[in-house]
Amino acid sequence: MQQNRNLNELDWVADDSFITDKNKFRQMKKLIINISFVLVAATSLVSCKKALEDKFYNPEKARDASVPGLFTAMLNNDRVAAKYWNVRTFLCQMPGVYAQTSYFPNAISVYQQNDGYSQNYWDDFYATGGNGSGSMAQYRSMEVKFKTLSDAEKATQAIIMQAAKVVLIEQAAKMVDLWGDIPYSETGSLETSSTIVNPKFDEQKALYTSFISDLTTAAAYFKANPTNKDFSKADILLKGDVNQWVRYANSLRLRLLMRISKVDEGTARTAVLDMLNNPSAFPLIDGGNNPSYNPGASDVLLQPLTNSTSDLRAAFMEGSWYATDYMLNTVMLPANDPRIPVIYDKYGRIVKIDKKDVFVPNKTYKAMPVTMIASEQETKFADYSVLDSATFLFNQKLPGIVITASEVNFLKAEAFERWGSSASAQTAYGNALRQSVTFYYYLNNLNQGGGYVNVQAPDAATIDTWVNTSSAAYAGTSANKLANIYTQKWVHLGVLQSTEAWSEYRRTGFPVLTFPADGKLSGFDTPPNRLIYPGKEKILNAANYQAVQAKDTRKTKIFWQP
């Protein structure tokens, strides 16, 4: 499958330095990246067209501190969008390495947390002005503004506050999954009282309990209340569609309930089965259980702004664009997985043929072994597969992924297999696999033009063979079936949802991965169970940090880990 490689093969042929002199290529990339930053900065100064402004608030412009305007700014989050900084410095540096959803160099410090980049991620949740939207700061400002509104205005904008709470919870849950206890209830004093008060660290299990409760409330609110024009204009995520917000809140609640299910099975089982046995009362982001669903209409995806021209080429090509061993070699290739052609490229080398440089693709898909030493990786990488260029590297239409139908159906399959009918579990599992195929071909086909010929999805018979008779098939003991659910969900989450993949890997123990330990730094010979708190938090919030200091080790488990 080389038909969608026209553009980047030409790039590889034109740039001999990538094959013959990697240092020169790195220098070239730095120049490209610096130029790109200038272009992006210049582009951000250009306002959106009037038609767009009439329909949505422009996230790139400063607005008055209105509830709708602040909500738009909260949604415009580069930690959710498919953006260079988050992918390059966080997803592919830490959770992607620890979950093996992204390639990593087999270096001495590979499992050591990057303190600067983790500090940056932490700051981007709590404060504006960085590479995120400052979800917490935006929400606290919304609370302050909402209190000043008239009763009539509150009645109109209460729905926006409910949506903002769902968005905040999704981001805050990730913070808990990464660090454990986090400042939450007492944060935002600068926004709320114009004073600086160092916040306590809220206990992680209690936070999850409050998140699940708040999502229940939010879903009920959306189910009982109509949308309005202020909400529709401010909502760049779901366009003010209350039916989608009901599904989003329920699906996020399902994710969090299943996350705690290994340590608080009673709570999770009761709540989850209540949801799954009453689908009309608790609709989900499940694509209508239709394998041929439309991800753009059904999933929760943060689409790029209309004036965005960025892609992830630099983010991946700085070391993380190679195929991962277990995912490709152990899971996907033996099953003849139909997603391979839009997730990976065979890659190859430039060779001299009749005194001309010719790009010769590799004959088969294969990933570098995870045990390959760094010096071999540096010289042999061209003989192995890489991430697909049309889907991942050059795709300016790539959305930020919040939650998808495939993930939800994998969660349903797990719940049914553990607590209900194995037949229902098999149905949900089959839907999840088929929807994952639909989803990845959808991502590939978003990249229109530019020299690419988009790949058509395989026919139903090909997919059915994979689902029903390959190593991905739902067969064997209940433990075998659960292992397949966990592993295939890990594949689906992939490199773009590495944070969720790492959480699920820690929760389930699947897939069973090998992490090379030879030659690693003492104390960093395996991946951590959690991230260490950022240095600035320890210093600036020292008194409150003392209460959690004993937990602040890389081997301390998050509360939902069995």
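Tutor: Keeping in mind that this is a predicted model, I would start with R259, whose charged end sits over the ring of W560 at 5.7 Å from the ring centre.

Student: And which residue lies over the face of Y533?
Tutor: That is R530, which lies 4.8 Å from the centre of the Y533 ring. Y533 also belongs to a cluster linked by ring pairs, together with F90, Y121, W122, F125, Y126, W179, F201 and Y545.

Student: How many aromatic pairs does the count come to?
Tutor: The count comes to 34 aromatic pairs. One of them joins W321 and Y322 in a tilted arrangement, with 5.8 Å centre to centre and 40° between the planes. Both W321 and Y322 are buried.

Student: What about F439 and Y440, how are those rings arranged?
Tutor: F439 and Y440 form an edge-to-face pair, with 5.5 Å centre to centre and 85° between the planes.

Student: Let me step back to the whole chain. How many helices and strands are there?
Tutor: The protein chain has 28 helices and eight strands. Of its 562 residues, 56% count as buried, and among the contacts with a separation of 6 or more, 74% are between residues 24 or more positions apart.

Student: Which residues of α12 are buried?
Tutor: The buried residues of α12 are Q204, L207, Y208, F211, I212, L215, A218, A219 and F222. They cover an arc of only 135° around the axis, and therefore lie on the same side of α12. T209 and A224, on the other side of the helix, are exposed.

Student: What do the buried ones pack against?
Tutor: The buried residues of α12 pack against two helices, α10 (151-179) and α14 (242-259), and against the strands β1 (182-183) and β2 (201-202).

Student: And what caps the N-terminal end of α12?
Tutor: E203 does, with a side-chain oxygen that lies 3.1 Å from the backbone nitrogen of K205.

Student: Back to Q204 for a second, why does it count as buried?
Tutor: Q204, which lies in helix α12, has a relative accessibility of 7%, and it counts as buried because that value is under the 20% cut-off. Leaving aside residues up to four places away in sequence, Q204 touches V176, G180, D181, I558 and F559.

Student: New topic: where is S308?
Tutor: S308 is found in the loop that runs between β3 (300-302) and α17 (313-317). Although it is a loop residue, S308 has 17% relative accessibility and so counts as buried.

Student: What does S308 touch?
Tutor: If residues up to four places away in sequence are not counted, S308 touches K83 and Q396. Q396 is 88 residues from S308 along the chain, and their C-alpha atoms are separated by 7.4 Å. The side chain of S308 also makes a polar contact with the side chain of S310, at 3.5 Å.

Student: Now the backbone. Which peptide bond is cis?
Tutor: The bond from F510 to P511 is cis, with omega near 0°, and P511 has its place in the loop between α26 (498-508) and α27 (535-540).

Student: What is phi for N289?
Tutor: Phi of N289 is near 55°, which is a positive value in a residue other than glycine. N289 lies in the loop between α15 (265-276) and α16 (295-298), and at 33% relative accessibility it counts as partly exposed.

Student: And K355, buried or exposed?
Tutor: K355 counts as exposed, at 79% relative accessibility. K355 is not a glycine, yet its phi is positive, at about 65°, and its place is in the loop between β5 (348-353) and β6 (356-361).

How values were computed: Residues numbered from 1 in each chain as written. Predicted model: local features only at pLDDT ≥ 70, side-chain atom pairs only at ≥ 80, totals over all residues. Heavy atoms only, no water. Buried < 20%, exposed > 50% of the residue type's maximum accessible area, 1.4 Å probe, protein only. Helix = DSSP H or I, 4+ residues; strand = E, 2+ residues; numbered from the N terminus. Arc of directions from axis to C-beta. Contact = heavy atoms within 4.5 Å. Polar contact = N/O pair within 3.5 Å; in protein donor to acceptor, adjacent residues only side chain to side chain. Phe/Tyr/Trp six-rings, centres within 6.5 Å; stacked < 30°, edge-to-face > 60°. Lys NZ or Arg CZ within 6 Å of the ring centre and 35° of its normal.
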